[in-house]
Amino acid sequence: MSPSPADHLSPALLDRLPPNVRKPAYDRAALRPGIAHIGVGAFHRCHQAEYTDDLLEHHFDRWGLIGINIRPPSLAETLGRQDSLYTRLIRQNDDVEARIIGSIVRVVDSQDSAAPALDVLAWPEIEIVTMTVTEKGYCHIPSSGALDLDHPDIVHDLANPHAPRSVPGILARALELRMASHGRPVTLLSCDNIPTNGIILGNVVRTFAERRGSTLANWIAANVAFPSAMVDRIAPATTKADIDTVEKRFGYRDSAVVIGERFRQWVIENRFVGRVPRWDLVGASFVDDVTPFEHLKMRVLNGAQTTLSYLGVLSGFKHTFEAIADPLLAGFVRRMLTEETLPTLMPVPGIVPTAYVEQSLSRLTNTAIHHRNHQIATDGSQKIVQRLLNPIRDRLAKGDSIALLSVPVAGWMAYLVKASARFGRAWQVSDPFADKIAAIADRIGSDIGALVEAILAVDAIFDPALAANRVFRAHVVAGLDGLLSDDPMGFVRQVLAEPTDDRLKQPARSA
Ligand code: CS2
């Protein structure tokens, strides 16, 4: 019997789903929670939870996931009603593939108090804690990677270590509870797009713990591993249309649908303590050094997304696939990546860089993935260092041109400046530095040189040596001037028209 439209996803419904919906092919009742994941958003449900589902099908080994949300949305009730089952749709232009993921056994809401999160994280059975808490969740200073001791949540947590709010504070307290109870080691695996994410996570947790005393810091040094990882799959926020697609195509309701592209990748540094889920048996790679992979992914795929998001918003495009359908923007991004980004990359085992660029650009043309430019533009201050500023720094060190890579940096500035009152509040933005940049814009107005000077002085984003570089400043001034003009795309066209050699030192247009 096929389900009626009113049927909601549940274990009882599994046997009645249409045959083209793939289902967990293992005994969910035999799962044992061994992995906790902080930040159960669309990306986790589309990525690590799917790899774990694959692992359970292939090798079983009982690895169940407990999800923890310490920020909105609340998910325990929504997923709880479905016994933590949800549909993962793969959409590739007109193709839709549905699969029910069963690897999550429970989701815990811990937005109001850290207690539920701490309870799970301290269980002796939890051997791995993975996390997708967004770049800003680490409370680090983007330009240096150090814990931001002035961050309001860190100030709060150091004063109230038993009732933490921040990720570093929650993890440090959970480790303290583990130390004081059973003492079992644990691997903390960051799955966010920050460079050397394991090192940054280790830094912020250790720095926090050191302030709590050397006993905890020493225990962490001996019992906790912080491998780095590169994660990849485009999985934008779910829309109502995605939920309706499930009902229309497959005949049931699911309030926790996630949607992603077919491509996925997970490269994990092989540095665990305790048991290791054999994700390498189902497509992930365990490697000694993640750095070449993460540079490639963040500078090429994420660099392209960020560029298309800012230039896309400035040109009136809503989604990535629409921005990249524009020949000027597509041409700009391809040339930026091949001429300026690729030469900054180290060799990556098994990957041909030019082919990777083409594959990345082609992923972005997927018309079924409605990734909003404003979503990607969110928290740009936390993203541009690894996506744009690091390759710019590498190129400047060698005297190479940065004319193209500096355009999206100016794009990020233009995006925040245009959100200020002085520039007409063109759109609403979400970025930890939005207020600061808006205040600068309100104070300075349209003196572009002074605006750039003041924004580059924000040293949490721009390290002082880069900010002082004359070539970089000149390009960013020209870029911001061009992108704030009435014809921002005319400026992009003009940059592309410059002969490559002339771009070495001089910007296309001086303000
Ligand atoms: C995006 C990423 O929102 C963003 O910052 O660039 O979420 C991107 O889609 C993923 O990193 C792809 O793996």
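User: Which backbone nitrogen does the side chain of Ser228 reach?
Analyst: The model is predicted, so local features need pLDDT of at least 70, side-chain atom pairs count only at pLDDT 80 or more, and totals for chains, interfaces and linings use all residues. Residues are numbered from 1 along each chain as its sequence is written, and side-chain values use heavy atoms, with hydrogens and water left out. A polar contact is a pair of N or O atoms within 3.5 Å; within protein, one must be able to donate a hydrogen and the other to accept it, and residues adjacent in sequence count only if both atoms are side-chain atoms. At 3.0 Å, the side chain of Ser228 reaches the backbone nitrogen of Gly198.

User: Is Ser228 buried or exposed?
Analyst: Buried means under 20% relative accessible area, exposed over 50%, partly exposed in between (1.4 Å probe, protein chains only). Ser228 has a relative accessible area of 6%. Ser228 is therefore buried.

User: What distance separates the C-alpha atoms of Ser228 and Arg271?
Analyst: Along the chain, Ser228 and Arg271 are 43 residues apart. Their C-alpha atoms are separated by 8.5 Å.

User: How many of the 10 residues of α21 are buried?
Analyst: Helix α21 covers residues 488–497 and is mostly covered. Its buried residues include Phe491 and Leu496. They pack against α10, α12, α16 and α20. The buried count in α21 is seven.

User: Why is α16 roughly perpendicular to α17?
Analyst: Axes are lines fitted to C-alpha atoms, for helices over the stretch in contact, and angles run from 0 to 180 degrees between N-to-C directions. Under 35 degrees counts as roughly parallel, over 145 as roughly antiparallel, 65 to 115 as roughly perpendicular and the rest as oblique. The axes of α16 and α17 are 9 Å apart. The two helices are roughly perpendicular because their angle is about 80°.

User: Which residues of α17 meet Trp412, Leu416 and Val417?
Analyst: Trp412, Leu416 and Val417 belong to α16. Contact means heavy atoms within 4.5 Å. Their partners in α17 are Ala434, Ile437 and Ala441.

Terms used: Helices (H or I, at least four residues) and strands (E, at least two) are DSSP runs, numbered from the N terminus.
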